[in-house]
Amino acid sequence: MIRRHLPAPLGDEFDQFHLLCRGSVRRLLSAALLARDTDAALVATWALVLVATPAAMYAFHQLIDYSALGFQKASIVEHAIQVDRMFFLLYGMVVAALLAAATWEALLPDRADQEIVGSLPVRPRTVAAARLVASLWLAAIASAAISVPAAVFLAVAAPSHPALGYFPVVLVAHLIATMGASLFTFTLLLMARAVLALCFGAHASERLATALQVLTIAALAELFFFIPGVIPVLVDRLAAGDRFALLMPSMPYAALYSWMVGVSYPSLGFGAAMAPLALLLALTITIPLYLCPARRFAWRSLEMQPHQHAAVVSNVARLAVVALPASSAVRAVTTFTVTTLLRSRRHRLVVTAYFGLGLAVGTLSVLAGGMRGTLAFDRPETSLLALPLVIIFFLTLGLRTAFAIPSDVEANWVFRLSQPLVGSTGDAAAMSLLVLCVVPVTGLVVGSVLLLQWPTHDVLVLAVFDLACGCALTEWVLRDWRAVPFTCAPSGDVESLKSRWLGRIVPLLLFAFVNAAVQKAALRSDRAAAAYVVLAVIVWSAARAQRRWASRTLSVQFEASPSDSLSTLDLSEAR
Amino acid sequence: MLLAASSYDGRRDSGLTDMLTVDGVWKTFRGVAAVRALTLQAEPGNVVGLLGPNGSGKSTTVRMIVGLLRPTRGCIRWRGTDIHQQLLAYQKIVGYIPEEPRLYAYLSAVEYLELVGGLRGIPRETLARRIDRYLELFGLDTDRHAPLSAFSKGMRQKVLVAAALIHDPELIVLDEPDSGLDVAATLALRSLIATLAERGRTILYSSHVLDAVERVCRDVIILRHGSAIASTSVTRLRELTETATLEEAFTTVAVDEDVAALGRELADVSSR
């Protein structure tokens, strides 16, 4: 349609743009995939279902709740519904940020794109424009998947009370406000991606993905656990007409939503006008940021030598591995494991997801301590002691999960030919967990409590506690480990993610929260501390001996049996 | 030692503009010169071989010629015009097979060729017909919908050959095109190159397989440390170096080290 009205050269460029848009969508999906051989369309569908479900379920729950509001005062209902609307807005924004983090490396055309498209008669700006449009289209699809079911449920609930709004208006307002908020967040991150690439180069910009991933996962978890307590405060500010509060990214969209539905708060019109303007401004800045330096990005991506990611960190980790008392095979596998994790974005994505969850749950425990009045920073308290244990727990599980995802199955012939012993691969996996998780987290704990000016004695004892607990946990998670990390091909079988998580809640409670209470008690006397450490070391040694004993007759696995396969999401109850 | 180009000397003054000219080109990366003052010419109907040890600047030269990299100094001309003045128009007539089979691995062979053909503006019906024919001739038609990630290196290389030729280019730049191909496909590729040259295409052929270069190319340029140390016809090069084959000539001109002694030392490394 558009094509027919364009002059020939522009028409040709439009055809190229159209083709590149389709390719870009697949490139973006491919960047977000954890395993290379998986079906992008299938994973995208499941991911959409996964992110749409919480919002839809929450809205459905509200549908039932709202039906009981018939005799409530309008002001009370208005406040309650504002809180719910704010939740949907924040949820959409966090999911948009998560999408940006997952597709971060492909948001701008990179070296791989230029290698393929660079020799073809295509303008770099056409490639960049196609990537921008494809990214926004994906964000819009994700946003629609979250918003449409919730909008339908909330619209159906509208006749329950006059303050809930008019059925079609609620439907349209919900879609416009939530999708606008999501697209605004996504566009801001696209802008950040382009600015960072422009100012600091593509590599520095790509490194931000890991941090963004941690933040968005933590924010997503906090949204369910913690933010419901904060949202009413935000709504109060909106109701009071606080113009300063409108500077928070979600607030103009909340104002727009309320204004469209017909809520009569002061200065709502100002906030409502800010929402589309903010999105328009973000797009107006982002489009030239993508298109104008496209040629420069293209040349620069090809001129730059391929970069070794995390070279400094990997060298430090390698030195740490060399210092470990282990056989050469164990050291070799440990070095391979550490280096692979530091260089593989896909595996880091898995680990950062777990780390983000750990951060959220840990923060929650600290905040809960604060609410109960038991939080203190100048002495060991259970809520504070639980924080590193929670992070060690999630990080260890995340690493264990990442180890089971192959980096390059076809390259595992090196290990197949050398045939390391199962005991050695288990030792290497355990050492990798120590180097990548237990030791750094313990180091952070030491640094943090030193900053809090705890007595040196307590700091040292706590470091030994966390190290010992981390070692014991490491052996527990690796009790059935039989492979070289990152080399075992998945079997293709599926198992329920729910069943695994239910099985991990009790260990989490025991390891982090009960254990923190025990640590607090053990810190009161040297004798108790010594007994605690001895007990932890006994648990560690027993678990290690059991693992090695169980592995003595087994051979290293390079193809997972169905029971050991990688967890994939399977929400079906049918099987 | 520069073995000056007897076969080019006459052409330089002939006023021939229907050719590719690389004129005093330099390429530096962070101050390090990968290509130094390189000059070469390639005319229609001729296959020019680009030879050199690893790191001699062959691939950088090739990437500059197809417009992937911009020379730091000097100029690359096609029919007398600097290629960077009309890069898009120039890239329309270039076919390129890269050294590494870089492809979007999640696309199938058909999807990849449709993407390349579409970006080159080939009408849909013509493109479909050509894709079918290439896949059939390369024996890939049964794998046409399999993702390229499932292809062997040789199969990917065949897809790249098809992608490079699908728009009937005037200038064809081949960087290690026979890498990963089986014997039959390699022989077919040589025949293809010879046929295209007969049909007046300009062909630049970069390779380590000296036997193939000797059979296919009339002229060769030997690079070392980014500079051309020989630029002449294959026959003349053999005469000048008083050798029987191109391999011997190349060893005389471009290889400093005693390769036989190096081989013995390599064999000894692990046995000591």
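## Reading a predicted two-chain model

Author: Let's start with chain B, where the C-alpha centres of domain 1 and domain 2 lie 26 Å apart. Keep in mind that this is a predicted model.

Reader: Happy to start there. Into which stretches is chain B divided?

Author: Domain 1 of chain B takes in 6-93 + 169-269, while domain 2 covers 102-168. Between them, 10 residues of domain 1 are in contact with 10 residues of domain 2. On the domain 1 side, those residues divide into 6 nonpolar, 2 polar and 2 charged.

Reader: How should I think about the boundary between the chains, and how many residues of chain A are in contact with chain B?

Author: In general, the size of an interface is often given as the accessible area lost when the parts come together. Here we can count contacts: 24 residues of chain A are in contact with 23 residues of chain B. On the chain A side, the elements giving two or more residues are α1 (8-32), α4 (111-117) and α11 (294-303). Of these, α1(A) gives the most, with 8 residues. By class, that side of chain A has 9 nonpolar, 6 polar and 9 charged residues.

Reader: Back in chain B, why is helix α2 described as largely enclosed by the rest of the structure?

Author: A general idea for helices first: an α-helix has 3.6 residues a turn, so residues three or four places apart point the same way. In helix α2 (residues 58-65) of chain B, 8 of the 8 residues are buried, so this helix is largely enclosed by the rest of the structure. Among the buried residues are Lys58(B), Arg63(B) and Ile65(B). Just after α2(B), Gly67(B) takes a positive phi of about 90°.

Reader: And the strands: how do β9 and β10 of chain B run, parallel or antiparallel?

Author: Strand β9 (residues 219-224) and strand β10 (residues 227-233) of chain B run antiparallel, joined by 6 bridges. Arg224(B) stands opposite Ser227(B) in β10(B). Their hairpin has 2 residues between the strands, and His225(B) takes a positive phi near 50° there.

Technical notes
Residues are numbered from 1 along each chain as its sequence is written. Chains are lettered from A and ligands numbered from 1 in the order in which they are written. This is a predicted model: local features need pLDDT of at least 70, side-chain atom pairs count only at pLDDT 80 or more; totals for chains, interfaces and linings use all residues. Two residues are in contact if their C-beta atoms, placed from the backbone, lie within 7 Å. Helices (H or I, at least four residues) and strands (E, at least two) are DSSP runs, numbered from the N terminus. Ala, Val, Leu, Ile, Met, Phe, Trp, Tyr, Cys and Pro count as nonpolar, Asp, Glu, Lys and Arg as charged, and the others, Gly among them, as polar. Domain bounds come from an automatic or database domain assignment. A residue is buried if 20 or more other C-beta atoms lie within 10 Å of its own, exposed if 12 or fewer, and partly exposed in between; C-beta atoms are placed from the backbone. Two strands pair if DSSP finds at least two bridges between them.
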